[in-house]
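Here is a short tour of a protein chain and its metal site. Take a look at the sequence and the model first, and then let's walk through them together.

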Amino acid sequence: MPSSRRSRRRPWGDEHVPLDLDRATGGRRTESAPDGDWTVQSVRGSDKSYVCPGCRQDVRPHTAHVVAWANDSMFGAASALEDRRHWHSACWAARSRRR
Ligand SMILES: [Zn+2]
């Protein structure tokens with residue numbers, strides 16, 4: 001059963017995974033949650049806007065927020081990075097408190 005995720009998988013070290021974290025504030029940390037371990041990176045924002053999974057509202061450009069992705073993706077770290085999500089800092093904190 002082919003999956004779109006599997007077809008995107010690349011061999012280890014084959015290609016640099018582009019990250020729009022160039023404005024990262026350096027605050028990368030790992031948080032444990034009932035659904036696994038997450039890498040959480042604080043960023044200052046970029047020219048793009050994103051939809052926050054927590055509240056379905058836009059994360060406006062140049063707004064400090066967090067980027068989170070699961071550490072334990074069964075498809076590997078590269079795929080997990082591709083699936084990363086941009087959250088309002090407050091929404092991510094609320095998510096952690098809910099669990
Ligand atoms: Zn939000």
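## Fold and metal site

Read along the sequence, this predicted model follows the pattern α-β-β-β-β-β-α-β-α. That gives the chain 3 helices and 6 strands. Of its 99 residues, 32% count as buried. The accessible surface of the chain comes to about 6,600 Å², and carbon and sulfur atoms hold 51% of that area. As for contacts, take those between residues at least 6 apart in sequence: 49% of them join residues at least 24 apart.

Now to the metal. Which residues coordinate the zinc ion? The donors are Cys-52, Cys-55, His-88 and Cys-91, at 2.0 to 2.4 Å.

What is the arrangement of the 4 donor atoms around the zinc ion? It is tetrahedral, because the donor atoms subtend angles of 103 to 121°, and four donors count as tetrahedral if all angles lie between 85 and 135 degrees.

| Residue | Relative accessible area | Class |
|---|---|---|
| Cys-52 | 0% | buried |
| Cys-55 | 29% | partly exposed |

The cut-offs explain the two classes: buried means under 20% relative accessible area, and partly exposed lies between that and the exposed class, which is over 50%. Cys-52 is therefore buried at 0%, whereas Cys-55 counts as partly exposed at 29%.

Terms used:
Residues numbered from 1 in each chain as written. Predicted model: local features only at pLDDT ≥ 70, side-chain atom pairs only at ≥ 80, totals over all residues. Heavy atoms only, no water. Donors = N, O, S within 2.8 Å, 3.2 Å for Na, K, Ca; no water. Tetrahedral: all angles 85-135°; square planar, octahedral: opposite > 155°, others 65-115°. Buried < 20%, exposed > 50% of the residue type's maximum accessible area, 1.4 Å probe, protein only. Helix = DSSP H or I, 4+ residues; strand = E, 2+ residues; numbered from the N terminus. Contact = heavy atoms within 4.5 Å. Areas by Shrake-Rupley, 256 points an atom, 1.4 Å probe, with all protein chains shown as cover.
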